[in-house]
Amino acid sequence: MAGAVDDLKLLGTWYSPYVLRVRLALSIKGISYEYGEEDLRHKSELLLRSNPVHNKVPVLIHGGKPVCESLVILQYIDEAFGGAGPALLPADPYERAVARFWAAFIEDTLVKAMNQASWSKTEGEKAEGNKQATAALRTLEAALRDISKGKPFFGGDSAGYVDIVLGGLLAGVRAMEAMLGVKAFDPVTMPLLAAWADHFGALDAVVAVMPDVSKLVELFITMHAHIAAEVIYRV
Ligand SMILES: N[C@@H](CCC(=O)N[C@@H](CS)C(=O)NCC(=O)O)C(=O)O
């Protein structure tokens with residue numbers, strides 16, 4: 001295979017949006033690797049040794065050397081395996097800076113709001129999270145219009161760094177939509193993002209690594225039940 005790389009291992013969990021980013025990048029670049037599924041209640045020695053600061057997945061281990069944090073890993077993949085598949089970040093330094101800016105926005109603003117909307121203990125906190133997530137998505141809709149210049153992806157004709165950072169959230173978004181009967185990427189108010197999600201989700205390289213949405217729904221129902229039980233216990 002064109003993107004075969006020696007001694008490449010990814011430590012992950014099947015439901016993690018951060019791990020999905022790394023799987024998406026490797027899949028889009030056509031790079032093969034060994035995958036190690038972690039049980040986060042009983043983390044492996046390898047994980048603890050490889051990410052001693054955060055003890056979190058994903059960790060990409062290349063030639064025995066660990067790289068941690070999903071955004072750092074994506075940039076490492078682009079630089080270390082430049083010869084494999086399409087480049088994830090643009091070549092132009094200014095466009096690279098713009099892509100990094102939007103990746104940071106997704107991470108710091110959108111993910112934070114989506115987590116608040118999904119996992120808060122009170123309805124008030126959830127509603128505030130929803131409001132902030134919608135505002136962040138509207139900002140991204142405008143960014144997509146500017147950056148893509150009529151093409152389907154933030155990366156232009158093909159999916160790149162920003163698409164992968166946002167795309168890692170897509171399985172979780174689809175699961176929440178199925179549970180709540182709502183459209184997060186509203187085709188009326190966010191037509192470009194709605195089309196982006198359809199295009200990105202249909203790419204072969206994406207379909208190959210997307211987790212099963214119905215399994216995610218089951219997991220989210222269990223997680224919500226745990227949060228609710230904790231609230232009742234605390235009351
Ligand atoms: N900022 C990190 C976040 C990674 C993260 O939160 N991973 C979760 C799984 S979704 C984890 O490993 N949690 C284990 C723990 O918190 O102990 C990244 O982008 O890689």
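A polar contact is here taken to be a pair of N or O atoms within 3.5 Å, where, within protein, one atom must be able to donate a hydrogen and the other to accept it. Between domain 1 and domain 2 of this predicted model, 5 residue pairs are in polar contact, with both residues of each pair at pLDDT 80 or more. The elements that contribute two or more residues to the side of domain 1 touching domain 2 are helix H1, spanning 17–28, and helix H3, spanning 70–80. Of these, H1 supplies the largest share of that side of domain 1, namely 9 residues. By residue class, the side of domain 1 that touches domain 2 is made up of 9 nonpolar, 2 polar and 3 charged residues.

The two domains cover residues 3–80 in the case of domain 1 and residues 93–214 in the case of domain 2, and their C-alpha centres are separated by 22 Å. To the contact, domain 1 contributes 14 residues and domain 2 contributes 23 residues. The area buried between domain 1 and domain 2 amounts to about 1500 Å², and 67% of this area is given by carbon and sulfur atoms.

With regard to charged side chains, the count between domain 1 and domain 2 is 1 salt bridge. A salt bridge joins the side chains of Arg 21 and Glu 107, with a distance of 2.7 Å from N to O.

Key
Residues numbered from 1 in each chain as written. Predicted model: local features only at pLDDT ≥ 70, side-chain atom pairs only at ≥ 80, totals over all residues. Heavy atoms only, no water. Domains from an automatic or database assignment. Contact = heavy atoms within 4.5 Å. Buried area = accessible area lost by both parts, 1.4 Å probe. Salt bridge = Lys/Arg side-chain N within 4 Å of Asp/Glu carboxyl O. Polar contact = N/O pair within 3.5 Å; in protein donor to acceptor, adjacent residues only side chain to side chain. Helix = DSSP H or I, 4+ residues; strand = E, 2+ residues; numbered from the N terminus. Nonpolar A, V, L, I, M, F, W, Y, C, P; charged D, E, K, R; others polar.
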